[in-house]
Amino acid sequence: MNGILPPYFRPLGYSLMILSVLVPILLFITGSIGDHNLLFIKTCVKLLIWISLFMVFLAKVKDENETTAKIRVKAIYRALYLLGVYYVIVLLKGYFEGDIEKADTSIAIVYMAFNVACLEYGVQKQRIDRIFKK
């Protein structure tokens with residue numbers, strides 16, 4: 001699976017992710033967030049984080065090649081395994097705390113975060129392997 005977005009989407013995605021976390025904090029400090037718009041702000045933040053994670057995951061790497069495509073596929077597999085472990089832990093924790101609804105929130109964002117983390121790990125590992133093989 002090759003990247004389909006240009007390489008500059010990677011830093012753009014990380015920037016958007018940072019902004020989507022910091023702007024609501026600034027809005028809260030200024031008193032712009034209240035009961036009337038809390039759900040809207042929460043939904044917008046989740047949507048922006050989701051979009052930014054997709055931008056990072058689907059952006060081409062500077063030295064995109066066949067190995068990078070394999071790393072991206074491995075990242076998807078690893079993220080699925082990590083998601084399964086995470087979900088089981090959250091379900092068990094929710095069961096013991098008596099609040100099973102905790103397991104149903106933001107699971108897709110967690111999956112994409114695992115995808116991006118596994119991809120970044122694989123790409124950095126490939127870069128280090130290339131440096132030390134020379």
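Guide: Let's start with Thr68, which counts as buried because its relative accessibility is 0%, under the 20% cut-off for that word. Keep in mind that this is a predicted model. Thr68 belongs to helix α3, which runs over residues 66-97. So what does Thr68 touch, once residues up to four places away in sequence are left out? The answer is Val61, Asp63 and Gln126.

Those three names come up again when we turn to empty space. Rolling a probe the size of a water molecule over the atoms shows where such space is left. Here, one cavity of 30 Å³ or more turns up in the structure, and the largest cavity holds about 40 Å³ of space. Val61, Asp63 and Gln126 are among the residues lining the largest cavity, and Lys62, Val123, Arg127 and Arg130 complete that lining. Sorted by class, the lining has four charged residues, two nonpolar ones and one polar one.

Now for helix α3 again, this time as a supplier of the largest nonpolar core. That core has 21 residues, and Leu53, Phe57 and Leu119 are the ones with the most contacts inside it. At least two residues of this core come from each of α2 (38-58), α3 and α4 (107-133). Helix α4 gives the largest share, with eight residues.

Conventions
Residues numbered from 1 in each chain as written. Predicted model: local features only at pLDDT ≥ 70, side-chain atom pairs only at ≥ 80, totals over all residues. Heavy atoms only, no water. Helix = DSSP H or I, 4+ residues; strand = E, 2+ residues; numbered from the N terminus. Buried < 20%, exposed > 50% of the residue type's maximum accessible area, 1.4 Å probe, protein only. Contact = heavy atoms within 4.5 Å. 1 Å grid on protein atoms, 1.4 Å probe; cavity = no way out; pocket = protein on both sides within 12 Å on 5 of 7 lines; lining within 4 Å. Points joined across faces, edges and corners; volume = space filled by probe spheres on them. Nonpolar A, V, L, I, M, F, W, Y, C, P; charged D, E, K, R; others polar. Core = buried A, V, L, I, M, F, W, Y, C linked by side-chain atoms within 4.5 Å.
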